[in-house]
Amino acid sequence: MLAKRIIPCLDIRNGQTVKGVNFVNIQEVGDPVELGAKYAAEGADELCFLDITATHEGRKTFVELVKRIAAHLNIPFTVGGGISELADAEKLLSAGADKISINSSAVRNPKLIDELALNFGSQFVVVAIDARGDENDHWTVTVNGGRIPTDKELFSWAKEAEDRGAGEILFTSMNHDGTKNGFANQQLSRMADMLKIPIIASGGAGKKEHFVDVFTEGKADAGLAASIFHYNEIPIPVLKKYLKEKGIVVR
């Protein structure tokens, strides 16, 4: 069994780390450079940086901020937000990113996944999917930080992303995001049975038990969370110790 990964996420707006609930009520929570260094020191397996308003504001990711965060890291670093062409990815790689995450741009131009995988390798390409489920369990993919619904459906889009060369899927359930009631384990499990590539679960972490559930019931390869780490509700060393006690293989 491969070790499960714990990934803190820095959602960035105007150069500051922020957090919301169900993608709204956004609050500032701290300096991303300091938080990134802290998580690396505490034993996070990776760090994820998402410039959450770059696409909506029609601009590129803050490259200088990525450089400053990367300078303090010794763990893999995934960067997303406003990446719409190969040149954007090249700049972020040069700035210290190990992987890039594409979301809205991949939905609008699926060939971008093929191009990035061909030029940089699949292991470099994370396709992030923000989706909202309805009462009939139909999951609609959204773009622009969850603002705009599309005609794409979660599972068929995840499969297409894999077929085009994505190395990982980062699935955020908008229904669960920020609620702290647990991850979308039913949907994650279905996706895990369908795909061969790793799945990062995002949206809903509130207590240590939720990570046990997402790795067992949800069959996820990594658990991503934000507020529980930003507010020190569950320190990473405490979470990893608990997971080991529960028989989950972590690094």
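D11 is in contact (heavy atoms within 4.5 Å) with Q16, T17, V18, K19, L50 and I52, leaving aside its neighbours within four places in sequence. This is a predicted model, in which local features need pLDDT of at least 70, side-chain atom pairs count only at pLDDT 80 or more, and totals for chains, interfaces and linings use all residues. Residues are numbered from 1 along each chain as its sequence is written, and side-chain values use heavy atoms, with hydrogens and water left out.

- An unreviewed UniProt entry carries the annotation "active site" for D11 and D130; UniProt positions are given in the numbering used here, feature names are shortened, and annotations may be inferred rather than shown by experiment.
- The annotated residues span 120 residues in sequence, yet no two of their C-alpha atoms are more than 13.7 Å apart, so they gather at one spot.
- D11 belongs to strand β1 (residues 5–13); helices (H or I, at least four residues) and strands (E, at least two) are DSSP runs, numbered from the N terminus.
- D11 is buried, at a relative accessible area of 13%; buried means under 20% relative accessible area, exposed over 50%, and partly exposed in between (1.4 Å probe, protein chains only).
- D130 sits in strand β7 (residues 125–133) and also counts as buried, at 9% relative accessibility.
- The side chains of D130 and N103 make a polar contact at 3.1 Å. A polar contact is a pair of N or O atoms within 3.5 Å; within protein, one must be able to donate a hydrogen and the other to accept it, and residues adjacent in sequence count only if both atoms are side-chain atoms.

- T17, one of the contacts of D11, lies in strand β2 (residues 16–21) and is buried, with a relative accessible area of 0%.
- Not counting residues up to four places away in sequence, T17 touches L10, D11, I12, Q27, E28, V29, G30, D31, P32, L35 and H230.
- R147 is in the loop between β8 (139–143) and β9 (148–153) and is partly exposed, at 41% relative accessibility.
- R147 is 17 residues from D130 in sequence, and their C-alpha atoms are 9.9 Å apart in space.

**Helix packing around α6**

- Helix α5 (residues 111–120) and α6 pack at an angle of about 35°, with their axes 8 Å apart. Axes are lines fitted to C-alpha atoms, for helices over the stretch in contact, and angles run from 0 to 180 degrees between N-to-C directions.
- The crossing of α5 and α6 is right-handed; a crossing is left-handed if the near helix is turned anticlockwise from the far one by less than a right angle, and right-handed if clockwise.
- K111, I113, D114 and A117 of α5 meet W157, A161 and R164 of α6 in this contact.
- The residues of the contact of α5 with α6 divide into four nonpolar, no polar and three charged. Ala, Val, Leu, Ile, Met, Phe, Trp, Tyr, Cys and Pro count as nonpolar, Asp, Glu, Lys and Arg as charged, and the others, Gly among them, as polar.
- Helix α6 (residues 154–164) also packs with helix α7 (residues 185–194), at an angle of about 35° and with the axes 11 Å apart; the crossing of α6 and α7 is right-handed.
- On α6 this contact uses L154, F155, A158, K159 and E162, and on α7 it uses Q187, R190, M191 and M194.
- Five nonpolar, one polar and three charged residues make up the contact of α6 with α7.
- The buried residues of α7 are N185, Q187, L188, S189 and M191, and they pack against β8, α6, β10 (168–173), β11 and α8.

**Loop lysines**

- K180, in the loop between β10 and α7, has a positive phi of about 65° although it is not a glycine. K180 is partly exposed, at 28% relative accessibility.
- K219, in the loop between α8 and β12 (222–225), has a positive phi near 55° and is likewise a residue other than glycine. K219 is partly exposed, with a relative accessible area of 36%.
- K207 lies in the loop between β11 (199–202) and α8 (208–216) and is partly exposed, with a relative accessible area of 43%.
- The C-alpha atoms of K207 and H138 are separated by 27 Å, the two residues being 69 residues apart along the chain.
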